[in-house]
Amino acid sequence: MPTIEFKDVSYSYVDNDESFLALEDINLTVDDGEFICLVGHSGCGKSTMLSLLAGLTKPTEGEICIDGKPIEGPGPDRSIVFQNYSLFPWQTALKNVMFALRKVKGMEKEAARTRALDLLEQVGVKEAANRYPFQLSGGMRQRVAIARALAIDAPVMLLDEPFGALDPMIRGKLQALLMDLWAGSCCKTAIFVTHDIDEALILADRIVFMEPRHIIKVFELPKDRAHDMASLYDNPEIRAIKAEVLDLFEQTAPEEDDE
């Protein structure tokens with residue numbers, strides 16, 4: 001049974017007494033263990049899809065199911081990593097991760113501490129365990145956020161442009177970290193929102209391209225490809241996919257982008 005199903009999902013909202021249709025008749029199936037990247041211009045509905053999947057909002061029409069069960073709200077079967085880190089500023093890196101282990105997993109304090117330190121080591125920031133978020137660089141804060149998401153050990157991980165605010169070098173390191181985690185013990189289903197085509201080509205099993213309100217094409221990437229920038233474009237199939245995605249970006253560009 002597929003892990004995730006969007007079934008005829010539409011979503012609208014009201015702002016200043018005016019109704020807006022954000023998604024219309026979305027149908028998408030994500031299999032267990034897949035890494036899906038949602039790509040498209042700002043405002044096309046990528047983050048709205050993630051919010052619906054997280055259970056933070058509900059579809060106006062249709063339903064979203066995980067293992068055949070409709071999503072009714074947030075749950076421990078989904079963890080979320082946002083672009084703005086969403087760490088508790090009053091807690092150290094260690095206690096941010098421990099919070100997830102104790103609150104969601106119900107672990108005792110010492111067991112949670114041991115596991116949290118192990119997770120911080122996995123993402124390369126164990127030495128910063130006792131620092132507060134304001135004492136960490138952007139890349140380090142995002143590593144802690146990933147560790148906290150992994151602590152929940154949810155089968156589905158949702159990532160909303162988690163590396164979008166980082167410089168290219170740090171971004172590349174965190175992309176490699178994510179791939180290492182997926183290749184190791186952390187084989188989860190992931191839905192990853194990004195504007196960056198290269199990032200999607202490195203990370204995804206499939207790229208879902210969106211225009212406002214709709215999915216217009218799904219690209220399946222070669223499973224045996226390298227997941228690094230240096231060797232990625234040696235593959236002619238990847239080069240062809242990138243060219244087609246770039247063409248879709250141009251075709252779907254909002255009018256103001258041409259000014």
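Residues are numbered from 1 along each chain as its sequence is written, and side-chain values use heavy atoms, with hydrogens and water left out. Because the model is predicted, local features need pLDDT of at least 70 and side-chain atom pairs count only at pLDDT 80 or more, while totals for chains, interfaces and linings use all residues.

**Strands**

Helices (H or I, at least four residues) and strands (E, at least two) are DSSP runs, numbered from the N terminus. Two strands pair if DSSP finds at least two bridges between them. Strands of a sheet pair through backbone hydrogen bonds, either parallel or antiparallel.

An open sheet of 4 strands runs in the order β2-β1-β4-β5, with antiparallel pairing. Its edge strands are β2 (18-30) and β5 (69-70), each pairing on one side only. Strand β4 (residues 61-66) is joined to β5 by 2 bridges. Cys65 faces Pro70 of β5 there.

Further pairings involve β3 (residues 35-39), β7 (residues 156-160), β8 (residues 189-193), β9 (residues 206-211) and β10 (residues 214-220).

| Pair | Bridges | Direction | Opposite residues |
|---|---|---|---|
| β7 and β8 | 5 bridges | parallel | Met157 and Ala190 |
| β3 and β9 | 4 bridges | parallel | Leu38 and Val208 |
| β9 and β10 | 6 bridges | antiparallel | Met210 and Ile215 |

Burial is set by relative accessible area: buried means under 20%, exposed over 50%, partly exposed in between (1.4 Å probe, protein chains only). In β8, 5 of its 5 residues are buried. Thr189, Ile191 and Val193 point one way from β8, and Ala190 and Phe192 point the other way. In a regular strand the side chains alternate between the two faces of the sheet. In β9, 5 of the 6 residues are buried, so the strand is largely enclosed by the rest of the structure.

β9 and β10 form a hairpin with 2 residues between the strands. Arg213 in this hairpin takes a positive phi near 80°.

**Cysteines**

A disulfide is a covalent bond between the sulfur atoms of two cysteines. The cut-off here is a pair of cysteine sulfur atoms within 2.5 Å. The structure holds 0 disulfides. For Cys44, the closest cysteine sulfur is in Cys37, 13 Å away, which is too far for a bond. Cys44 is buried, at 1% relative accessible area. Cys65 is also buried, at 1% relative accessibility.

**Thr92**

Thr92 sits in the loop between β6 and α2. Its relative accessible area is 9%, so Thr92 counts as buried. Contact means heavy atoms within 4.5 Å. Leaving aside neighbours within four places in sequence, Thr92 contacts Ala129, Asn130, Arg131 and Tyr132.

**Largest pocket**

A pocket is an open set of points on a 1 Å grid over the protein atoms alone, where a 1.4 Å probe fits, with protein on both sides within 12 Å along at least five of seven lines; lining residues have an atom within 4 Å of a point. Its volume is the space filled by probe spheres set on the points.

The largest pocket holds about 410 Å³ of space. It is lined by 20 residues, and the closest to its centre are Arg78, Ser79, Ile80, Arg148 and Ile152. β6 (78-82), α2 (93-103) and α4 (138-152) each give two or more residues to the lining. The largest share, 5 residues, comes from β6.

By class, the lining has 15 nonpolar, 3 polar and 2 charged residues. Ala, Val, Leu, Ile, Met, Phe, Trp, Tyr, Cys and Pro count as nonpolar, Asp, Glu, Lys and Arg as charged, and the others, Gly among them, as polar.
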